[in-house]
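Please open the model in your viewer and keep the sequence panel beside it. The tour below moves from one selection to the next and says what is found at each stop.

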Amino acid sequence: MENELFRSEVECKRESEEIDFSDEEKNEKGKTSFDCDICGKSFSRKAKLVIHEHTHTGKKPYHCEICDKSFSQNDHLTMHRRVHTGEKPYHCEICGKSFSQNNHLTRHKSCVHTGEKPYHCEICDKSFSQNDHLTMHKRAHTGEKPYHCEICGKSFSQNGTLTKHRHVHTGEKPHHCEICGKSFSRNNNLTKHRHVHTGEKPHHCEICGKSFSRNDHLTKHKRVHTGEKPYHCEICGKSFSQNDHLTMHRRVHTGEKPYHCEICGKSFSKNDTLTKHKRVHTGEKPYHRDISGKSFSQNSQLLNH
């Protein structure tokens with residue numbers, strides 16, 4: 001949402017904290033307004049004009065000392081620093097939720113508490129509480145992806161998604177688990193990871209009551225009940241309930257065998273097949289028959305026995 005947060009019209013309205021002018025300069029030659037030579041917009045103070053001119057020149061004199069990102073206004077830098085500090089000074093008096101920016105709090109109130117959604121999609125009639133959410137939604141219909149990765153050229157419909165994608169190239173993992181120190185490139189992955197420590201399983205199947213730590217795991221589980229198979233092989237048309245099952249299936253057509261035995265060099269299309277193969281070299285027999293005490297390297301051998 002960074003693109004929407006720092007739009008030029010916002011830049012025109014706000015005043016930098018670090019630009020100061022004397023009274024004489026503010027009112028030089030008796031001026032009551034200062035005009036932009038490029039677009040003609042007028043300002044009551046020269047400081048505001050100088051800040052506005054950054055929208056035309058692209059000048060960004062304010063730098064983040066943590067990640068070195070630059071901004072055209074000091075208050076934008078102040079808001080950005082909260083990404084690193086986690087500071088959320090704006091609180092909803094209704095539910096107590098906190099936000100790093102005041103406009104996020106305003107959006108929250110209008111969306112969650114009032115339920116008002118005045119912006120409507122003329123294609124599917126879906127409604128939104130904010131116009132920029134409607135704009136992003138429309139791209140689902142148009143296929144528009146205006147945000148491009150300068151490294152690999154991949155395109156995205158939202159700037160925030162592009163920002164997260166860049167971590168693939170930089171290796172940056174700014175979200176850290178305070179319990180074990182493990183780092184993640186995305187905050188939602190950190191949230192999911194914390195369930196490992198807490199044992200929390202907040203996602204429940206309403207059919208059988210089974211619980212899961214992640215919503216995507218619950219979604220996959222539900223297909224056991226519904227029989228849904230949304231992933232289709234474009235070569236033979238076979239369908240699968242999970243995307244990783246489709247990925248493995250495709251290797252039947254491509255012949256790909258990405259899993260290699262480091263002992264004999266033999267290759268396999270599935271990792272579990274490689275695991276079973278390694279027992280030929282190690283002699284491991286993890287499957288035991290309690291009655292006879294006999295052990296087997298594979299479960300199928302135990303079942304046959």
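Begin with the lining of the largest pocket, which by class has 11 nonpolar, 22 polar and 12 charged residues, where Ala, Val, Leu, Ile, Met, Phe, Trp, Tyr, Cys and Pro count as nonpolar, Asp, Glu, Lys and Arg as charged, and the others, Gly among them, as polar. This is a predicted model, in which local features need pLDDT of at least 70 and side-chain atom pairs count only at pLDDT 80 or more, while totals for chains, interfaces and linings use all residues. Residues are numbered from 1 along each chain as its sequence is written, and side-chain values use heavy atoms, with hydrogens and water left out.

The volume of the largest pocket is about 2000 Å³. A pocket here is an open set of points on a 1 Å grid over the protein atoms alone, where a 1.4 Å probe fits and protein lies on both sides within 12 Å along at least five of seven lines; lining residues have an atom within 4 Å of a point. Grid points are joined across faces, edges and corners, and the volume is the space filled by probe spheres set on the points. To centre the view, select Val83, Thr163, Lys164, His175 and Asn187, which are the closest to the pocket's centre of the 45 residues that line it. Then colour α1 (2–5), α5 (74–85), β6 (98–99), α6 (102–113), α8 (159–170), β11 (175–176) and α9 (187–198), each of which supplies at least two residues of the lining; helices (H or I, at least four residues) and strands (E, at least two) are DSSP runs, numbered from the N terminus. The largest share, eight residues, comes from α8.

Next, select helix α10 (residues 215–226), whose 12 residues reach 16 Å from the first C-alpha to the last, close to the 16 Å expected at 1.5 Å a residue, the expected span being 1.5 Å times one less than the number of residues. Leu218, His221 and Arg223 are buried in α10, where buried means under 20% relative accessible area, exposed over 50%, and partly exposed in between (1.4 Å probe, protein chains only). The buried residues of this helix pack against β13 (203–204), β14 (211–212) and β15 (231–232).

Zoom in on His221, and ask which residues it touches, leaving aside those up to four places away in sequence. They are Cys205, Cys208, Lys210 and Phe212, with contact meaning heavy atoms within 4.5 Å. The relative accessible area of His221 is 12%, and it therefore counts as buried.

A C-alpha to C-alpha distance drawn from Thr226 to Ser241 gives 10.0 Å, for two residues 15 apart in sequence. After α10 comes Gly227, with a positive phi near 75°.

Now move to helix α4 (residues 46–57), which has 12 residues and spans 16 Å from its first C-alpha to its last, close to the 16 Å expected at 1.5 Å a residue. Its buried residues are Ala47, Leu49, Ile51, His52 and His54, and the helix is followed by Gly58, whose phi is positive, near 80°.

For the last stop, select Asp125 in the loop between β7 (119–120) and β8 (127–128). Phi of Asp125 is near 70°, a positive value in a residue other than glycine, and at 59% relative accessibility Asp125 counts as exposed.
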